[in-house]
Amino acid sequence: MKYKKPVINRIDFAISSKYGSPLHSQKIRTEIDGIGVHELVEQYGSPLFVFSQKRIKEQYMQLKQAFEDRYPKLKLSWSYKTNYLNAICKIYHQLGSGAEVVSEFEYDKALANNVTPSDIIYNGPYKPKEYLKKAILNNSKIHVDHLLELEDVQSIAQELDQVVNVAIRVNMDVGVYPNWNRFGFNYDNNEAYEAIKFIANSPYLNLNGLHTHIGTFILEANAYKIATIKLMKLRQQALEEFGMNVEYIDLGGGFASKNHLKGIYQSPEVVVPSVDEYAQAITNAIYEYNTSDELPTLYLETGRYLIDEAGYLLTSIQAYKRLPNGMKSYILDAGVNILYTSAWYNFNIEIDKDYDNLTEPSILNGPLCMNIDVINDNISLPPLERNSILTISPVGAYNITQSMQFIRYRPRVVLIDDDSNTRLIRQEDDLQSVMAKELE
Ligand SMILES: *Cc1c(COP(=O)(O)O)cnc(C)c1O
């Protein structure tokens, strides 16, 4: 036997605080929707993103139910930037969702996915004029971000000699900080009111919607109540002062998923509002502040809440070593290149079997040659072996759309459908796809 340098590990017995035990419990996951994690990796390789269609549908139905139980006029628009893999978008479209897009290529993607053009909401702070025109000709929903854009729309409408429907995006103080006040027209300083006045005074414009997106991972249902009240007050002003009947209000996205935000000690089960609480806050405020004969249609552009918990990342232990400070370091095949959101979240990390051994504080490093490539810097793990599989979740929101082809190829993505069949929905990068746009 070869000599191995001994190490001394401090065993931290679980010292409880008011938030519970500081040690991560070792959760085990052997399968996703009945399909073994080892089987998935054998068939598709590692790392591997896995999406559960069953979970996607469950979340969708919960959201829809929570709102439809309380409100008769609901429309959902799938937020493309949260995850725009076509296979994923199409599930939402089949469930009845329109599309919410924030760029030209997202707009074209929604069209290519056969979304009815009038069910596409075009958001974002930068909309090239030719795309504004395209969206206007398609009768898509235009959510104007600033005055110059309002003038762009007006000049296109003038050129087309038609009255164009627009909505404005409104930002406001809802008691959540940082305040996302760089998008849209401000409510509290009357900028939004002035924009409505501009629209009312233009022979080419009509206001048909009011939109806000107050932020993401909002842990206060009450913030939505404040936002709804402010939009409803603007709607009332548009009608009473300018005779414009605003058909819809759009509360954007921002509902939190059951992810564990860094710096928050309590579990997501404790801090994340239920979708019923969000629904209650919004719909109550509409009823309370509606003064017109007609209730507005309520649009939601929910992204994260719908998809985050339906996505998993399988990653394999490629090696381990002991760092000079005695900490055990595991080298994974997945890093921050494909887990962009690891900067914000302490993901659930589940091991693939019971290792029946003492755990020790360990660090999970990705495969990049970058010091910051850390998935978890202090997790209690038993001695894992090469090819042990970790399941990281929830990772369905934003990781795929924000992943970068840096140092390594981006991995495959599979979907497990309702009948527990797996299907490849994105191929891994390869040398050809990476070099496809290069010129010499
Ligand atoms: C990103 C975004 C959404 C989706 O937000 P989530 O927090 O993922 O629900 C909705 N609307 C707009 C305008 C967005 O920019």
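User: How many residues surround the ligand, and which are the closest?

Analyst: A residue is counted as near a molecule if one of its heavy atoms lies within 4 Å of it. In this predicted model, 16 residues surround the ligand, and the closest are Lys 81, Thr 216, Glu 301, Arg 304 and Tyr 398. Sorted by class, this shell holds one nonpolar, ten polar and five charged residues.

User: Which atoms of the ligand lie 2.5 Å, 2.6 Å and 2.8 Å from protein atoms?

Analyst: A polar contact is a pair of N or O atoms within 3.5 Å. Here an oxygen atom of the ligand is 2.5 Å from an N or O atom in the side chain of Thr 216, while a nitrogen atom of the ligand has a polar side-chain atom of Glu 301 at 2.6 Å. For Gly 254 the backbone takes part, with an N or O atom 2.8 Å from an oxygen atom of the ligand. Taken alone, the ligand exposes 390 Å², of which the protein buries 95%.

User: Where does the ligand sit?

Analyst: The ligand sits in the second largest pocket.

User: How is the protein divided into domains?

Analyst: Domain 1 comprises 14–51 + 309–431, whereas domain 2 comprises 123–302. Their C-alpha centres lie 37 Å apart, and nine residues of domain 1 are in contact with nine residues of domain 2.

Terms used: Residues are numbered from 1 along each chain as its sequence is written. This is a predicted model: local features need pLDDT of at least 70, side-chain atom pairs count only at pLDDT 80 or more; totals for chains, interfaces and linings use all residues. Side-chain values use heavy atoms; hydrogens and water are left out. A polar contact is a pair of N or O atoms within 3.5 Å; within protein, one must be able to donate a hydrogen and the other to accept it, and residues adjacent in sequence count only if both atoms are side-chain atoms. Accessible areas come from the Shrake-Rupley method with a 1.4 Å probe; for residues, only the protein chains shown count as cover. On a 1 Å grid over the protein atoms alone, a cavity is a set of points where a 1.4 Å probe fits but cannot get out, and a pocket is an open set with protein on both sides within 12 Å along at least five of seven lines; lining residues have an atom within 4 Å of a point. A molecule sits in a cavity or pocket if more than half of its atoms lie within 2 Å of its grid points. Ala, Val, Leu, Ile, Met, Phe, Trp, Tyr, Cys and Pro count as nonpolar, Asp, Glu, Lys and Arg as charged, and the others, Gly among them, as polar. Domain bounds come from an automatic or database domain assignment. Contact means heavy atoms within 4.5 Å.
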